[in-house]
Amino acid sequence: MNAPLRSPRRLNAARTCAWALLIAGWVGIGSFAMALAPGVASGFAMVAVWLLALGAAATVATSGALHAPARAASLIVTALITAFALWSTAHGGGLAALWVALLGWAALTALASGVVRGLRLAQHVAPAPPIGAAGVGALWAGLALGDVGDGTALSLRLGVFVVLIAIVLVALQRDAASQRTPGCRAGLFDCSLPAWPAGAWRDSLQWPTLLAGLAMLPMMAALPWMAAWCRAQSVPAEAMVLLHLAAMFGPVWLLRASIGTWSVRRLASVCAVLLALGAAIALWAPAPHDLLGLALTHGAAWGLAWGGQLWAPARRGQRGTSPLRAAGGYAVLTLVFGLAVERFGVTGVVAVHAALGSAALAALAFTASARAFAAASSARTPAPPAAHPDHRAGGR
């Protein structure tokens, strides 16, 4: 009888673990790829493969086909393989061991997403969006990552991290539902990286919010490289990582009580201002304030766009969208971004984010101009003459 009371807490704890795995994996795999891949573009390609593997694994792990014993065994075995591969990566295994760690971490993250989905389906009432759990998970990930430039220590920390997370998830999944049900509204990672509603891009007013949702991809993919660039400017790598994660989840957590009531226009305006401000800082501020300012503003823009979409049904992603399809889109964008960074370095990162800010501001200006033009046209159009009452019908 007590299980339904504990279930919301179990769900929040599982969400925290899943988010911690997602964030730590994205940055951790990127950090090892930066050190071991033969080139910058190939390092980004490894991150793209990780995203693709996550989508493929999530297709199976969130389908309801795995029952609790099988999922528990998969969690433990996958965590141990991943931990050993991470340790081997820094102790002679090199790139081959990193590929094993990459695939293992993707499978582990997808299994965690399956636990979250099972616990959510066991709820009698629809749970609130995972804003707080995501923020705590990001904090755990940031602390586990630490100095991403020290590969030996990083492999040990992340190895212990994945094993502990797996043990916690095995304990939490006791109340998880196993029945097959319609898919989550998200395209990737079970409500954490939502797919956009059908036709959203045809509405220019939603462009700033949609572009802010894209900001996470280049920021997370480039975070290991940005941390290395900031370290050259005497900014600790761990400070850069924690600052960016705090910007992603801090503002949306502070505004969680009100952001669900924001109109489409207000959310789009705030996202456009943050994206444009970040682009301006990145273009004209001196180093390292350019990258730090970019991390703060675009991280906050992503967080607010994500929170606004989770709380507002009209802006949520499509239900049942294939995780593999969404992951494929993210992987392609990561490859394109990696080519830009390899060709232009920091300038490539700044150019991509400047393009996001410029496009968001242009979409907002276009929408405002179209609205003003429509209002002016309506004011110039004479009103039709009032209809006379039909006395023959009794003046009704």
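1. The structure under review is a predicted model. Residue numbers run from 1 along the chain as its sequence is written.

2. Aromatic pairs and the Trp26–Trp50 case. The count of aromatic pairs comes to ten. One of them joins Trp26 and Trp50, whose ring centres are 6.2 Å apart with 45° between the planes, a tilted arrangement.

3. The Phe44–Phe337 pair. Helix α2 also contributes Phe44, which pairs with Phe337 of helix α11 (residues 323-344); the two are 293 residues apart, and the pair again links distant parts of the chain. The geometry is edge-to-face, at 5.5 Å centre to centre and 85° between the planes. The class follows because planes over 60 degrees apart count as edge-to-face. Phe44 is buried, and Phe337 is buried as well.

4. Cluster and charge over a ring. Trp19, Phe249, Trp302 and Trp306 together make up one aromatic cluster. Separately, Trp253 has the charged end of Arg256 over its ring, at 4.1 Å from the ring centre.

5. Val49. Once residues up to four places away in sequence are set aside, Val49 touches Trp99 and Leu102. The C-alpha atoms of Val49 and Gly328 lie 9.1 Å apart in space, although 279 residues separate the two in sequence.

6. Gln233. This residue is located in the loop between α7 (216-231) and α8 (237-254). Gln233 has a relative accessible area of 40% and is therefore partly exposed. Which residues does Gln233 contact, leaving aside its neighbours within four places in sequence? They are Ala287 and Pro288. For Gln233 and Pro288, the C-alpha to C-alpha distance is 6.1 Å, with a sequence separation of 55 residues.

Notes. Predicted model: local features only at pLDDT ≥ 70, side-chain atom pairs only at ≥ 80, totals over all residues. Heavy atoms only, no water. Phe/Tyr/Trp six-rings, centres within 6.5 Å; stacked < 30°, edge-to-face > 60°. Helix = DSSP H or I, 4+ residues; strand = E, 2+ residues; numbered from the N terminus. Buried < 20%, exposed > 50% of the residue type's maximum accessible area, 1.4 Å probe, protein only. Lys NZ or Arg CZ within 6 Å of the ring centre and 35° of its normal. Contact = heavy atoms within 4.5 Å.
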